[in-house]
Amino acid sequence: MASLIVTSGKKRGKYYSLSQGANVVGRDETAAIQVKDEFVSRAHMQVRFSEDTDSYYASDTKSRHGTFVNGSRIYEEVPLTENDLVDIGGVTLMFTRKDFDDRDTALAYALECEERMRHAVAE
């Protein structure tokens, strides 16, 4: 199973396991993944798993402030790859194919990935 890890914002370190179907991400209480942020729409985006390609895809659901993957605004469905950063409102989520047992493990993984990215950019 895959996960989204909150890497910025009030809920930093929280993680969400993704189901093998459509996962609506938004502010609404009925969203599969609820992100409470004033700039996140009720149903802001969707992460979908495709059995045909064994891949996850992100799409914006006509949100007011947009969905960004690795800094680029998306207008159509895009594939997610390991450690992609998804920005919605004032929150950044990191996509991973990994699943976690607890918040501390998810946060440690996200911090390790951030550190590796910093070293890669510095070189």
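Is phenylalanine 100 buried or exposed? Here are a few points on this predicted model, starting with that residue.

1. Phenylalanine 100 is buried, at a relative accessible area of 9%. The cut-off for calling a residue buried is under 20%.

2. Searching the whole structure turns up 4 aromatic pairs. In one of them, the ring centres of tyrosine 15 and phenylalanine 100 sit 6.0 Å apart with the planes at 75°, so this pair is edge-to-face; the angle cut-off for that label is over 60 degrees. Tyrosine 15 belongs to strand S2 (residues 15-18), while phenylalanine 100 lies in the loop between strand S11 (91-96) and helix H1 (103-122), so the pair links parts of the chain 85 residues apart. Together with Tyr109, Tyr15 and Phe100 make up one aromatic cluster.

3. Tyrosine 56 and phenylalanine 95 are worth a look too. Their ring centres are 5.5 Å apart and their planes meet at 55°, so the pair is tilted. This pair also joins distant parts of the chain, with tyrosine 56 in strand S6 (residues 55-60) and phenylalanine 95 in strand S11, 39 residues apart. Both partners are buried: tyrosine 56 has a relative accessible area of 1%, and phenylalanine 95 has 0%.

4. Do glance at serine 3 as well, in strand S1 (residues 2-6). Serine 3 is buried, with 0% relative accessible area. Beyond its neighbours within four places in sequence, its contacts include Tyr16, Met94, Phe95 and Phe100. The side chain of serine 3 reaches the backbone oxygen of lysine 98 at 2.8 Å. Aspartate 99 is 96 residues from serine 3 in sequence, yet their C-alpha atoms are 5.7 Å apart.

Definitions and conventions: Residues are numbered from 1 along each chain as its sequence is written. This is a predicted model: local features need pLDDT of at least 70, side-chain atom pairs count only at pLDDT 80 or more; totals for chains, interfaces and linings use all residues. Side-chain values use heavy atoms; hydrogens and water are left out. Rings of Phe, Tyr and Trp (its six-membered ring) pair if their centres lie within 6.5 Å; planes under 30 degrees apart count as stacked, over 60 as edge-to-face and the rest as tilted. Helices (H or I, at least four residues) and strands (E, at least two) are DSSP runs, numbered from the N terminus. Buried means under 20% relative accessible area, exposed over 50%, partly exposed in between (1.4 Å probe, protein chains only). Contact means heavy atoms within 4.5 Å. A polar contact is a pair of N or O atoms within 3.5 Å; within protein, one must be able to donate a hydrogen and the other to accept it, and residues adjacent in sequence count only if both atoms are side-chain atoms.
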